[in-house]
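Student: I'd like to learn how to read pockets, helix packing and salt bridges in a model. Could you walk me through one?

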Amino acid sequence: MAKQPSAVIAAFFANLGIGAAKFTAFALTGSSSMLAESFHSVADTGNQALLLLGHRRAQRRATPEHPFGYARERYFWAFVVAMILFALGAVFSLWEGYSKLRSPHPIESPMWAFAVLGIALVAESVALRIAVRTANESRTGSWWHYIRTTKDAGNAVVLLEDAAAETGLVVALLGVGLSVVTGDARWDAMGSLAIGALLAFVSMLLAVEMRSLLIGEAASPADYGRVRRAIEDESALVSIIELRTMHLGPSELMVAAKVQLRSDLDFDAVARTVNAMEARVREAVPTAAHIFVEPARARSATGG
């Protein structure tokens, strides 16, 4: 079984402890922002549990019913995370903020809120650092480019979660702090609204990205280029008629190619050539787990 993703595990335990501390602080202070942050942590903890479940289920062997395996389970559970847990966290935070904005009440024992939020910031910083270090192993461009193009659904979710958590904690600190300084509890309610809006944005972004992965994304331009060059290195190749790729999972790529070979090759020579092409593709892109090369004739200009 593959090693469990360290970024997800770190985020799970961080959010589990932080969530308990936030609920305790809410019980002592009655802060709307603190309650929103509490449910934010509950959502994040559930997220990591589902991502770990998806990682485990994705390791199952292929079956006659699912001949390409279950690698796409990771994308499914990441989509569930985006659609349900993040969405519910956003809706609750927005509703809580709206309710407290209509009926504000002062924060009691605010030092408890400041203490818990400060500790949570440190813990979330550690989890975010692990997620960033994991992402940097494969990141080549900007962070926005990484989120939009990565095939590692789990780390994309954790990275956005941890970044949203850090931002949400700062917002909660501002909401509680301004409420204490000004004596106006509406600042706390607005902090909850801001946290809800942040979660809603992250939820929509993740839903769009996970939907794309579930439908099936092609290899990155760099990997596509490596696959194409590996096939073109074959001396018996006349032309590549068609080349398609699709990710079945973060580290599992399917390659399908239709090629035209020299007409003087006999059956054995064609078989050896196809095998050599597949071996070169696998060497160039180790994640190419399923490779299909079909010898064919190029269509004529008249469609014959």
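Tutor: Let's go feature by feature, general idea before the case. This is a predicted model, so local features need pLDDT of at least 70 and side-chain atom pairs count only at pLDDT 80 or more, while totals for chains, interfaces and linings use all residues. Residues are numbered from 1 along each chain as its sequence is written, and side-chain values use heavy atoms, with hydrogens and water left out.

Student: What is the volume of the largest pocket, and which residues lie nearest its centre?

Tutor: On a 1 Å grid over the protein atoms alone, a pocket is an open set of points with protein on both sides within 12 Å along at least five of seven lines; in a cavity a 1.4 Å probe fits but cannot get out, and lining residues have an atom within 4 Å of a point. Points join across faces, edges and corners, and volume is the space filled by probe spheres set on them. Here the largest pocket comes to about 1,200 Å³. Its lining has 39 residues, with Ser 138, Thr 150, Lys 151, Asp 152 and Pro 250 nearest the centre. Elements giving two or more residues to that lining include H1 (6-29), H2 (32-58) and H8 (221-232); helices are DSSP runs (H or I, at least four residues), numbered from the N terminus.

Student: How many cavities of 30 Å³ or more does the search find?

Tutor: One, over the whole structure. The largest cavity has a volume of about 30 Å³, and its lining includes Gly 30, Lys 100, His 105 and Asp 188.

Student: At what angle do H4 and H6 pack?

Tutor: Axes are lines fitted to C-alpha atoms over the stretch in contact, and angles run from 0 to 180 degrees between N-to-C directions. Helix H4 (residues 110-136) packs on H6 at about 160 degrees, with axes 9 Å apart. The pair is therefore roughly antiparallel (angles over 145 degrees).

Student: And how do H1 and H2 cross?

Tutor: Their axes come within 8 Å and cross at roughly 155 degrees, so H1 and H2 are roughly antiparallel to each other. Their contact residues divide into 16 nonpolar, seven polar and three charged (Ala, Val, Leu, Ile, Met, Phe, Trp, Tyr, Cys and Pro are nonpolar; Asp, Glu, Lys and Arg charged; the others, Gly among them, polar).

Student: How many salt bridges does the structure hold?

Tutor: Side chains of opposite charge can pair when their charged atoms come close. The cut-off is a side-chain nitrogen of Lys or Arg within 4 Å of a carboxyl oxygen of Asp or Glu. The structure holds 11 of these. In one, Glu 232 meets Arg 228 at 3.2 Å, N to O; both lie in H8, four residues apart, about one turn of the helix.

Key: Parallel < 35°, antiparallel > 145°, perpendicular 65-115°, else oblique.
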